[in-house]
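Visitor: Could you take me closely through a single part of this model, the surroundings of the ligand? I would like the cut-offs stated along the way.

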Amino acid sequence: MRILVLGGTVFLSKAVATEALRRGHDVVCAARGESGGVPDGAELVPVDRDRPGSLEPLRGERFDAVVDVAKMSVNWVREALRVLGDDTGHWTFVSSCSVYLDHSTPGQTVTAPTLPPLEDDPDAEPTSDRYGSVKVASEIAVRDALEDRAFIVRAGLITGPGDPSDRFGYWPARLSQGGRVAVPDAPDQPAQHIDVRDLATWIVDSAEQRLVGTFDAIGPSNPLSFFLGEIAGTVAPQGTELVRVPLDVLAEAEIAPWSGPRSLPLWLPETHLAMMFHDASPALAAGLQVRSVGDTARDSLAYELSLGLDRPRRAGLSAAEEAELLAAL
Ligand SMILES: NC(=O)c1ccc[n+]([C@@H]2O[C@H](COP(=O)([O-])OP(=O)(O)OC[C@H]3O[C@@H](n4cnc5c(N)ncnc54)[C@H](OP(=O)(O)O)[C@@H]3O)[C@@H](O)[C@H]2O)c1
């Protein structure tokens, strides 16, 4: 197959290009090249999707499949469909579980209500609701243009080597160093993820098999205690202690849930407990295969080690922040 990846220089889109090349496909990536290089064997067509007519260099090219990871721009999505939609056999659009209106009801499926669609607005604050709404508008654009050729994957938390968000990687990095490890006292909170390589494999499988439809792309949900236990069991030295920090203590110390600096990643706010409790069974029935949390943890740790465990992180606690938190208990 000849596959066009709109992206291909970082994380998921790079993993898709890598997997397609591994299977012997002909892979073209279209990106600026600012996030990194494309995998060896792929062709890079330099494009800046913020510029009008950016994809014109690709007009007239024929692809068996296109994979678009446009993060938060329905204009990018429409432009790609306008230039390439008519001549492409199969189209993957990577959406997000952030499209849902309600993040408090567990077990939702793709039929659950979504946020209202929103157009691009470069001046608007890029909140998670705006992100979800622009994804909704993007999904609508893809379905309207090529209903019978569209494969829309609403990804949940994407984990694994190369993750630029630093969220999941915090845990293998921290647990591998042992000692007393601060964890949120939320053992029963759901935790759910998809390893970037498993999602990439499913996207390439689906392009080959012409799978269409809308799916939540996510593995099974498990309690956070199981999730952290699997990571610890894979990477933590003997004697590591997981210290459950009460949620009111975390709030008082201004430790944020989910992501960002001074946070405990993967811990969810009360209002968003179902964000990691989506029904994975339709995706699993449609061919998604997921590796164990331990496998993801082991390979994420190798990536973390390659970057250096002491680097400043985008998400998690620094050693000093964690020590201060534990001392206050
Ligand atoms: N991470 C998660 O947990 C998560 C969860 C749910 C859904 N998602 C979705 O999953 C997808 C992730 O994609 P990803 O891993 O490949 O990361 P990404 O950071 O969304 O991908 C960005 C790709 O787009 C390219 N790009 C960025 N700006 C561009 C521009 N102006 N013109 C042309 N290309 C541009 C980048 O290349 P250059 O910078 O080199 O141009 C890169 O190859 C996104 O759609 C995201 O919304 C992620």
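The shell around the ligand

Guide: α1 (11–22), β5 (90–96) and α3 (128–146) each supply at least two residues of the shell around the ligand, where helices (H or I, at least four residues) and strands (E, at least two) are DSSP runs numbered from the N terminus. This is a predicted model, in which local features need pLDDT of at least 70 and side-chain atom pairs count only at pLDDT 80 or more, while totals for chains, interfaces and linings use all residues. Residues are numbered from 1 along each chain as its sequence is written, and side-chain values use heavy atoms, with hydrogens and water left out.

The ligand is surrounded by 30 residues, the closest being Ser13, Arg32, Ser35, Val69 and Tyr131; a residue is near a molecule if one of its heavy atoms lies within 4 Å of it. By class, this shell holds 13 nonpolar, nine polar and eight charged residues, with Ala, Val, Leu, Ile, Met, Phe, Trp, Tyr, Cys and Pro counted as nonpolar, Asp, Glu, Lys and Arg as charged, and the others, Gly among them, as polar.

Turning to polar contacts (pairs of N or O atoms within 3.5 Å), a polar backbone atom of glycine 33 is 2.9 Å from an oxygen atom of the ligand. A nitrogen atom of the ligand lies 3.0 Å from a polar side-chain atom of aspartate 48, and a polar backbone atom of arginine 49 is 2.8 Å from a nitrogen atom of the ligand. Of the 900 Å² that the ligand exposes when taken alone, the protein buries 89%, the areas coming from the Shrake-Rupley method with a 1.4 Å probe.

Terms used: Polar contact = N/O pair within 3.5 Å; in protein donor to acceptor, adjacent residues only side chain to side chain.
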